[in-house]
Structures are given as structure tokens and as C-alpha cells.
Amino acid sequence: MDKNMKTVRNIGRWTAAAVGIAAGLFLAVAVHAQMQGPPSLAEIQEYQNQELPSSGTQPEDEGSACEGTEPAEMQPVLESVEALEPGTVLDASELDTFHISRYFTAREIQEGDAVYQRIIGKSYRENPDIGLEQLRYLTMLHYNFEEQIQVGEMIVNEAIAQDVLDIFRRLFENRYQIQSMYLVDNYWTGDGNSTDTASIDANNTSAFNYRPITGGGKLSNHAYGRAIDVNPQQNPYVWHNGAGGLEWSHSNADGYIDRTSGAAHMITHEDICYQIFAEYGFGWGGDWSDPIDYQHFEKKY
């Protein structure tokens, strides 16, 4: 009796297993037929030969891999732009926009280094007024007139270096456009004043240049690295001619003499460039009576 009962139980288990397999095969065939047509014999055999996971195997929780771990920090493509050539155009995706100040840096100029070799005997020469140790070489970013991000450079007095970095960083964050930003030495003609003229003709924004003021006489604040000229074509140096009119030296500025025209890149009291410079205590040549120097910002001793 016990043997017969055991046999019955086994037959029951085999029957249940067979029914389960048949039901699964029937369902698979039905679904396959509905979606793709009748399955091939090879497909049926493949299904029959599939192994189910053991009862101890649990599907992995989708969130378990991340549990207790911090997401990987995004690393900027560029840690710095100091090694790049001034004028290099960059894509925004190359920058760490959450820490943009890392691209606005100042460093000392050492006798014999690359910057020194560019400026010695040109914008800088031995003199009793300003020492090399009082100057700083700045690397900064700006948007050019094509709305591209471009690497710029400038030399200023160490006393205003941080202010200048902050000013141009804020201009960059406001997408303020500056045509170009190179050392005046890129336009060297043989003396400081005619080099300044060449730089203005190229609409170049610049600062340090050991030279006298325009028209001669005492040293310019540019000679001390305490003055900056911004977009000089759109913001010309003008003077009264005695006949009720104005004169200017650069023909590329002809369309920017009327300061009420609303032309692009003109600095006015409503312009953010003026407003930010003013916040840092810079005076503006646009407020002078005669001459009037719309491009010029300076911070005196």
C-alpha cells in the first residue's frame, strides 16, 4: 500500500511538471504566433532547453548598485587656460562653468620667462617708475564679437590685479563682448605711442604700456599698469576742436562718435561694462570734459 501510494505521488508530480511545461510552451507559442508568426522547430527546442534560474537567485535591485555611493564628480576638460595661446577659441563644453574663476588667473613675470621675452625692450624696459615685480600677467576669458569664447591676456599693476580679474570674470558671466585682448607688444611699431595707435586700429583691449599720455608729457596711467582700454574702436578718444565740434584720430571710429546712436559695444553709463568698473572704484574717461576717452578706465594710486 505504501509502495502504491508513493508511485501515485510520483505520477502526480510528473503530471504537474508536464502540465507546467506544456502550459509554458503553449503560452510562448501563442505569443510568438501573435507577434511574429508560428515558431520554428529550432525555436521550440531552444525554449525547451532553457534553464530557469535557481530558486536562490534574486533579480538585482535596480538601485542597489548606486546605494550608499556618491555620483562621480564631473571633471572639467580644462583645469586652466594658462597654457593656451591668447586668442584660442574654446567651446563652452570644455569649461567648468561652476568654477569659472579658475580661468581668470594672475602670475608674476619673471626675468627671462616667456612673457618677459615678449615685452622687454617694448612695452616694458628698465625705468625708475615701475618695476617688473609690480606687474602681473593675467590670463582671462572673454566673448568676442562672434559670440565665441576666447582666451585673452593682459598685464596690470599687482595692486589692481584681483579687481581686474573679478571685473572681467563678471563681464564674461554677462556674455559681454570684447573684440580681442592681447598685449600691445603684438602690435609693436618701435615706440609706445605709435604701438598704442596700432593696437587701437586693431580694436584691441589692452592695459600696460610704458609710455607718456597721448600728446606727450607726463606718464600715462597705462605706464603704471593702472589703466585699461576696452573696445577702442567703438569707444574712441576724442577732443574738442574749438569750433564746436569733435576730432578723433582713428577712422575706424567714424561710426561711433555720436554716443546717442545706440550702436553695439559703445560704453555708456547704462552699459554693464561701465557699471562693473565703477563698482571697483575705476574712473571712466567718458566722464572727462576735454579730451574724452570713452575706452579708458583707470584706478590711480
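**Ground rules.** I'm working from a predicted model, where local features need pLDDT of at least 70 and side-chain atom pairs count only at pLDDT 80 or more, while totals for chains, interfaces and linings use all residues. Numbering runs from 1 along each chain as its sequence is written, and side-chain values use heavy atoms, with hydrogens and water left out.

**Whole chain.** I looked up the secondary structure and got 6 helices and 10 strands (DSSP runs: helices are H or I, at least four residues; strands are E, at least two; numbered from the N terminus).

**Glu 111.** I found Glu 111 in the loop between β2 (105-108) and α3 (114-119). Its relative accessible area is 65%, so I put it down as exposed. Beyond its neighbours within four places in sequence, Glu 111 is in contact with Tyr 116 and Leu 132 (contact: heavy atoms within 4.5 Å). Leu 132 is 21 residues away in sequence, and the C-alpha to C-alpha distance is 8.1 Å.

**α4 and α6.** Next I checked how α4 (residues 161-173) sits against α6 (residues 272-279): their axes come within 10 Å and cross at roughly 150° (lines fitted to C-alpha atoms over the stretch in contact, angles from 0 to 180 degrees between N-to-C directions). I noted the pair as roughly antiparallel (over 145 degrees). From α4, Ile 167, Phe 168, Arg 170 and Leu 171 meet Ile 272, Cys 273, Ile 276, Phe 277 and Glu 279 of α6.

Key: Buried < 20%, exposed > 50% of the residue type's maximum accessible area, 1.4 Å probe, protein only. Parallel < 35°, antiparallel > 145°, perpendicular 65-115°, else oblique.
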